[in-house]
Amino acid sequence: CSKSKVLCSACGLAANAKTLLRLEDGRILCKFDAEGAVLSDIQAQELFSQTKRELQRLLSTWPPLPDQNIQFHLVDLNDFKRYYQLDPFPRHPGELKGLTRSRRKDDKTCEHHIYVLSGSLAPEFQSVCAHEYAHTWLFGHSTEARTLNQDSEEGFCELVAYKHMAALNQPLEQTRIL
């Protein structure tokens with residue numbers, strides 16, 4: 001294992017060539033991470049819906065809550081990089097697992113697209129979904145006169161994800177967020 005150059009993209013450890021899962025975008029998952037990875041649209045949509053419902057309870061004191069105006073997309077690494085390039089920002093796309101693109105339409109309503117990278121284990125996937133949903137909530141509450149700087153926005157979104165992981169009793173994911 002120590003000489004293997006084939007590493008799992010989820011845990012970073014050596015992956016056994018006989019049991020690994022090679023994703024279409026070239027990433028590799030070891031046997032253990034492949035078993036718990038979010039790879040299907042159906043599973044991803046369900047986990048996102050659960051996360052959204054929980055966060056709507058958390059944020060219910062401060063309406064409006066984004067709901068029907070969100071399109072969720074489970075994407076591979078190639079698509080993720082393509083969506084990132086449409087509007088890049090200082091962080092490198094390799095450091096990210098989720099991305100939110102929001103815009104105001106002519107009628108002043110908001111439209112959101114959330115892109116989450118496939119292949120994460122369910123707790124991390126839910127944490128990323130919580131973080132990205134928090135971006136949609138912030139966008140709906142911002143105006144030109146009332147916006148946060150990028151670090152404050154990211155900090156708020158990480159706090160929401162942390163609280164969500166605490167509610168789900170996921171201490172390892174809480175530690176990763178910290």
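Modeller: Two strands pair if DSSP finds at least two bridges between them. Strands (E, at least two residues) and helices (H or I, at least four) are DSSP runs, numbered from the N terminus. This is a predicted model, where local features need pLDDT of at least 70, side-chain atom pairs count only at pLDDT 80 or more, and totals for chains, interfaces and linings use all residues. Residues are numbered from 1 along each chain as its sequence is written, and side-chain values use heavy atoms, without hydrogens and water.

Biologist: What is the bridge partner of His 73 in strand 5?

Modeller: Tyr 115. Six bridges join strand 3 to strand 5 (residues 110-117), and the two run parallel.

Biologist: What makes strand 3 and strand 4 edge strands?

Modeller: The open sheet has the order 3-5-4, with mixed pairing. Strand 3 (70-75) and strand 4 (98-104) each pair on one side only.

Biologist: Why does Glu 124 count as buried?

Modeller: Buried means under 20% relative accessible area, with a 1.4 Å probe and protein chains only. Glu 124 has 14% relative accessibility, so Glu 124 counts as buried. Glu 124 is found in helix 4 (residues 122-141). Contact means heavy atoms within 4.5 Å. Beyond neighbours within four places in sequence, Glu 124 is in contact with Lys 97, Glu 173 and Arg 176.

Biologist: Which residues of helix 5 are buried?

Modeller: Cys 157, Val 160, Ala 161, His 164 and Met 165. They cover an arc of only 140 degrees around the axis, so they are on the same side of helix 5. The arc is that of the directions from the helix axis to the C-beta atoms. Their cover includes helix 2 (41-58), helix 4 and helix 6 (171-177).

Notes: Buried means under 20% relative accessible area, exposed over 50%, partly exposed in between (1.4 Å probe, protein chains only).
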